[in-house]
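Trainee: Please walk me through this one before I start working with it.

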Amino acid sequence: MSKGIHRAAVLGAGVMGSRIAAHLANAGIPTLLLDIVPAELNDAERKSGLTLESPRVRNRMVTAGIEAARKARPAAFFVPENAAFIQAGNFDDDLGRVAEADWIIEAVAENLDIKRALLARIEKLRRPGAIVSTNTSGLPVNLVAAGLGQELRRHFLGTHFFNPPRYLHLLELIPGRDTLPEVTRALSEFCDRRLGKGIIVAKDTPNFIANRIGTFSMISVVRAMLEEGLTIEEVDAITGPAIGLPKTATFRLLDMVGLDTVVHVIRNLHDNAPRDERRDHYSVAPFMDEMVRRGWIGEKAGQGFYKKVTKGGAESEILALDLASMEYRPLRKPKFPVLDVAKNVDDTSERLRLVLNSEERAGRFAWRAWSEVFLYAAIRVPEISDRIVEIDQAMEWGFAWEMGVFRMWDALGVVTSAGRLEKEGRALPGNVARLLASGATTFYRRQNGRTEYFDFGGAWYRPVEEPAGVIVLAGEKERSRLIKKNSGAGLIDLGDGVCCLEFHSKMNAIGADIVGMMQAGLEETAKNFEAMVIANQGANFSVGANLMLLLMGIQGQEWEEIDLMVRQFQAANMALKTSPKPVVVAPFGMALGGGCEIPLHAARIRAHAELYMGLVETGVGLIPAAGGSKEMAIRADEMTGPGEDVLENIKTLFEQTALAKVTTSAEEARRFRFLRPADSISMNRDRLVADAKAVALHMARDGYRPVLPRTDISVPGESGLALIKLGLHLAREGRFITDYDVTVAHKLAYVMCGGNLSGYSKVGEPYLLELEREAFLSLCGEKKTQERIAHMLKTGKPLRN
């Protein structure tokens, strides 16, 4: 343990086990994945002449698990090649190899006897000091560990990964009675930094924190649905983004998880929580039992609450289950005026109040369901958690709620909702009564730049401590570290000589305000700081340029203003690139269009692992014109070795840009040449700003040498352009692209090839920037570009006209 975790073993190659192994592989951890030996051959193995002794047969379960992880959507691996970190084996032949592992994760079926039997075998084989965990969604960890020796019990604990492990931030760690504190600390640190997890150390109570509250909320929704007489589609319309929950809402989520699993969890809670005041709540609705009996358990069975059917040819249709008739029927669009209004409200708290306070059926249903959740969560402190903080984090990180239970209650108004509950004759939990009696009116408050939570035990507020190595930009601003700001961005003093440029426009869309603050930030850094970081903590780094402002300019024929806008954005990016002080950009989530071009000009990129980055301008009939097209030409030149033809690399990056391809991870962004070899990746987004600051400081103190604009970029000129045009002609003949796709692609190729130069030449960055700007302006004047921009603004999807 003192040497850290460098190798892992996962025992059980089912959906969860294989996905845990995949994420360990994403972190670069060599992982042994084992499962049982099949009892008989399948048809394919018989035809191939294999026997039960053939390694291919004996490792079939694991091979199938790895292959399923490869094909999973959303992808389990950052890049497919990461699967090479996983070694396949089986329990009979390879269990002894767990002695090589620093962390052994048992992830077999949720069956106490099966888990205990396997752990007994592991105990004889593991090396002393190796950490062993049982991955479970609710089995009592101390019960699983019963019968194990003391040395193993000291290094044993429960883990509860949420599926899919790559994407859901939460990991609950459940120490047993004998688990050494240093073991819990070591695993927490590893999973935080290497796997990017939000760690909650949970008590060994039934279904821990997230599933206890999540299951109760699901049952409350089902009960309220039956009482209000709503349909499946109506419930999903209400319990999704309208109140700050994911698009999967309630029944789409149940289809994803599997109704058989959910029923098992409900019964497990009923059986294992005899002192729960709401134990009667944990009963399975009759229609659920009937669905399980029929095998309608969700996506893995091809049907659940929803069913996808083929109408003929390639066309398909989604059907919904009518619970009254237990028959599938076409989807019916819910009609709730309050939801129509809520769609136009950006603030989640305001939407929540709008819906739950509505007197419509949707509002009555939502209040009936969520008021029960509020009351239940308040009663469960301190049984499942000593603080409200972990309950909220569990729901936000594990179920992807925008706000946890107590944050939702704050948004709704604690005093107002308490009065409503009392008026309905429902008693307030003692914890909530103590809060109100103390004079407090919220579960959380901001004080001196820090978040504080109400401690039910102490009957007053305590600070929410941020983990070491985490910077919260909102807190930095509140602590008087804000240097200046405008409507789109601000400058923050991060301390230690580092300035931060933070975007805060809607969706972090880039306009003149952000571009202006970029220049101001670079000037401020040159005068008063050692380095600058460009980062923010919004939903995404940036969705690109403000298309609405651009469309308005085009429609008003404000060509000089558009020309100036492009020149200023180009100049800001070049100033960033040639800054005398190092600039580190920290992209995460979506970094599209202009939000991709800014990082491309940084001295260094520190990216979050989940990075969806792309030059997507062709999707709206434009080309990258803030230096993006130019940077792709530069990267093509960098890829080209002595004696090699730059055109081959130009074609690769041209196709990537022309098709508006977007990466599915930071690792793939490296393949796209958006990240260079010196750029680095943070697995935990919470640590991204601090990590970027550390990189910036290291560069500054290591003697940073600014770069000069390139004057020697190799481009193929007209000969390369002619070959690309031929390829576009063939693609059009094959009807793979439209006429206007060809028009836009010609402009992009013209820039990346260096224009109409007579042959291979060396050009400078200013020359390519001028080509970019001219091509961009010419496309702005095209009617089809205007149609594409308008369609994107209206639907969020590209138009192929």
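Mentor: A word on terms to begin with: helices (H or I, at least four residues) and strands (E, at least two) are DSSP runs, numbered from the N terminus. This is a predicted model, in which local features need pLDDT of at least 70, side-chain atom pairs count only at pLDDT 80 or more, and totals for chains, interfaces and linings use all residues. Residues are numbered from 1 along each chain as its sequence is written, and side-chain values use heavy atoms, with hydrogens and water left out.

Trainee: How many helices and strands are in the protein?

Mentor: The protein holds 34 helices and 25 strands. Its radius of gyration, taken over C-alpha atoms, is 28 Å, close to the 28 Å from the globule rule (2.2 Å times the number of residues to the power 0.38) for 801 residues, so the protein is as compact as a globular protein of that length.

Trainee: And what share of the residues is buried?

Mentor: Buried residues account for 56% of the 801, where buried means under 20% relative accessible area, exposed means over 50% and partly exposed lies in between (1.4 Å probe, protein chains only). Of the contacts (heavy atoms within 4.5 Å) between residues at least 6 apart in sequence, 69% join residues at least 24 apart.

Trainee: What about the phi of Arg673?

Mentor: Arg673 is not a glycine, yet its phi is positive at about 70°. This residue lies in the loop between α29 (666-671) and β23 (680-682), and it is partly exposed, at 37% relative accessibility.

Trainee: Is Ser542 buried or exposed?

Mentor: Ser542 is buried, at 0% relative accessibility, and its place is the loop between β18 (531-534) and α24 (547-555). Its side chain reaches the backbone oxygen of Asn508 at 2.7 Å. Residues up to four places away in sequence aside, the contacts of Ser542 include Phe503, Met590 and Gly595.

Trainee: Where is Tyr612, then?

Mentor: Tyr612 is in strand β22 and counts as partly exposed at 25% relative accessibility. The side chains of Tyr612 and Glu610 make a polar contact at 2.6 Å, which is a pair of N or O atoms within 3.5 Å; within protein, one must be able to donate a hydrogen and the other to accept it, and residues adjacent in sequence count only if both atoms are side-chain atoms. Tyr612 and Glu668 are 56 residues apart along the chain, with 9.1 Å between their C-alpha atoms.

Trainee: And what does Glu617 touch?

Mentor: Beyond its neighbours within four places in sequence, Glu617 is in contact with residues including Gly593, Glu597 and Pro624. Glu617 is buried at 10% relative accessibility, in the loop between β22 (611-614) and α27 (628-639).
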